[in-house]
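Work through these exercises with the sequence and the model open. Each task is followed by a stepwise solution.

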Amino acid sequence: MQGWLDDQYQAHLGAPIVPAGYRHGRAGRLEDDCRVDCWVRLDNECLKAVCFEVFGSLEAVRMAGWLGHQLTGAPIARAEAVTGRWLAESLAVSAVAKTQALVIEDALRSALAAEEVKGGGC
Amino acid sequence: MSAPYFDYAATTPLDPRVAEVMADYQRPGEPVANPSSIHPAGLEAHRCVEEADAAVRHALGLDSHRLVWTSGATEADNLAILGTASALRARGSARHRLLLPATEHSAVLAAAKAAEQYGMKAQTLAVRADGRVCPDSLDAALDETVALVSIALVNNETGVIQDVGSIAEKVHAAGALLHVDAAQAAGRLHDPALFSSADLLVVSAHKFYGPKGIGALCYRPAVRLDAMIHGGGQQQGLRSGTLPVPLIAGMAEAFRHPDSPSEGERQRALWQQLRRRMAALEGVVLNSREDGSPHILNVAFAGVHGEALRGLLANCMVGFGSACSSREGPSHVLRAMGRPDALAHASVRFSLGRFTTAEAVEEIAETVAEAVQALRAVSPVWRELQAGASIESVYSVTTPLNLA
């Protein structure tokens, strides 16, 4: 099982330990076999931190980790330009994972549009 | 060291004693005669088949039944269902319904569907959340139009043992026949009453340390069966084709060595050991019963995506649903038990046997735990469960789930 996910992508998976200051969005449903949550922390016009939680295939997990790595430190405008199609094509994923790429896109958009989480734990 | 093998329900390793017997019939350059031949070597082969026939029936406590050799359990199930259906139609019987639990093996479900060509109508029986047939469902369905009730004594995915004694009473009171698929039970369960109540009983060699490619249908002499395979008229015309003597001898040898009660207890202890290891992960749903067959433990991991789990466990020799239909979606057995697709898909069947060790249990438990924890660490569903949401509410399940 070792090596199923690059360490640099692993760092962008899972919920933040302290969610305060993050914006949290979610998309997809368990019943539809894919649920993705996105957490972003903004700093001026940039994404200071980006992480995803994924209930989906290994391809979906890898896509989300890769995207989190790509977007960390990037301008918000770049995140707003992300589409599921671009994501799927960038990583040449399977047909099934293309649908999950759309869920990742939706979760990212939902997070970008959300209010900051105020205080408290996860 | 080879990876631990936990897929005994799919197929078992050959027992060395079986391999030795089979080797005697497969020496290079030495012919094993056709048992239909009337020369001395043929008669010797015929004698071997006759002895094996008696040995298998005796091992099952079915000395007064008859036996027909088949290529395995699938063919035997087909012969039991389609052969009965064809014979009933030929006699103009008014019995035209087949009853079977929704959790049956695909060999039975598909054969029952195919029996429509003989005017039969298949009806599935509901099962409870624990996998046992719902008695009310059987009571409501049984009447004088029922021809045959098919049931697996031990379910191949969950290890759940059906209450065949009680079911047989009802089936026979209604004048119907009882067909029992004992592929997972033979050699493991020791109560002769479990087998003797069957009018038709199916067994397979490779599910119990014998060779692949041989099985049998045992049936009461009063049961009328039509042949499904036609040819030279072997086996009283019920199943034509040259008999594979080495396989038959191997199957008989396997059945001469059933699991002893102490071996059953040893496997039960391993089952409990594995269950404890899985339970320690929390959020693990038990799809098996405590009183099920000791060789199968089926659990579902809440908060874990099924396909991702299969990906991480790709090198593990465990089962995901039935090996006979592993290319399909979530297990039809677990769905029939009320498990939602997401939970059914995240289920793993561990099946063990006489060569399984406690060390192997630890090894597989460690591997599975690592995969489950890795996926839960990134799962929003698991986070919600950890925050206090119940599995039932997150997965929209209406029936309470039994946690490991």
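**Exercise 1. Cysteines**

How many disulfides are there over all chains?

Solution. The model is predicted: local features need pLDDT of at least 70, side-chain atom pairs count only at pLDDT 80 or more, and totals for chains, interfaces and linings use all residues. Residues are numbered from 1 along each chain as its sequence is written, chains are lettered from A and ligands numbered from 1 in the order in which they are written, and side-chain values use heavy atoms, with hydrogens and water left out.

Step 1. Apply the rule: a disulfide is a pair of cysteine sulfur atoms within 2.5 Å. The count over all chains is 0.

Step 2. Take B:C218. The nearest cysteine sulfur belongs to B:C48 and is 17 Å away. B:C218 is in no disulfide.

Step 3. Check accessibility (buried is under 20% relative accessible area, exposed over 50%, partly exposed in between; 1.4 Å probe, protein chains only). B:C218 has 0% and counts as buried. B:C134 has 23% and is partly exposed.

**Exercise 2. Aromatic contacts**

Find the aromatic pairs and describe the one between B:Y209 and B:F355.

Solution. Step 1. The whole structure has 6 aromatic pairs over all chains.

Step 1. Classify the pair. The ring centres of B:Y209 and B:F355 are 5.8 Å apart and the planes stand at 90°, so this is edge-to-face.

Step 2. Helices (H or I, at least four residues) and strands (E, at least two) are DSSP runs, numbered from the N terminus. B:Y209 is in the loop between β6 (200–204) and β7 (215–219) of chain B, and B:F355 is in the loop between β10 (347–351) and α13 (358–376) of chain B, so the pair ties together parts 146 residues apart in sequence.

Step 3. Compare accessibility. B:Y209 is buried at 1%. B:F355 is partly exposed at 39%.

Step 4. Widen the view. Ring pairs link B:Y5, B:Y8, B:F208, B:Y209, B:F255 and B:F355 into a cluster.

Step 5. Look for charges over rings (NZ of Lys or CZ of Arg within 6 Å of the ring centre and within 35 degrees of the ring normal). B:R354 lies over the face of B:Y209, 3.9 Å from the ring centre. The charged end of B:R376 sits over the ring of B:W382, at 3.7 Å from its centre.

**Exercise 3. The largest pocket**

Which element gives the most to the lining of the largest pocket?

Solution. Step 1. Define it. On a 1 Å grid over the protein atoms alone, a pocket is an open set of points where a 1.4 Å probe fits, with protein on both sides within 12 Å along at least five of seven lines; lining residues have an atom within 4 Å of a point.

Step 1. Get the volume, the space filled by probe spheres set on the points. The largest pocket holds about 450 Å³.

Step 2. List the lining. It has 22 residues, and B:E50, B:D53, B:L67, B:Q235 and B:Q236 are the closest to the centre.

Step 3. Assign elements. α2 (40–59) and β1 (66–70) of chain B each give two or more residues. α2(B) gives the most, with 5 residues.

Terms used
Phe/Tyr/Trp six-rings, centres within 6.5 Å; stacked < 30°, edge-to-face > 60°.
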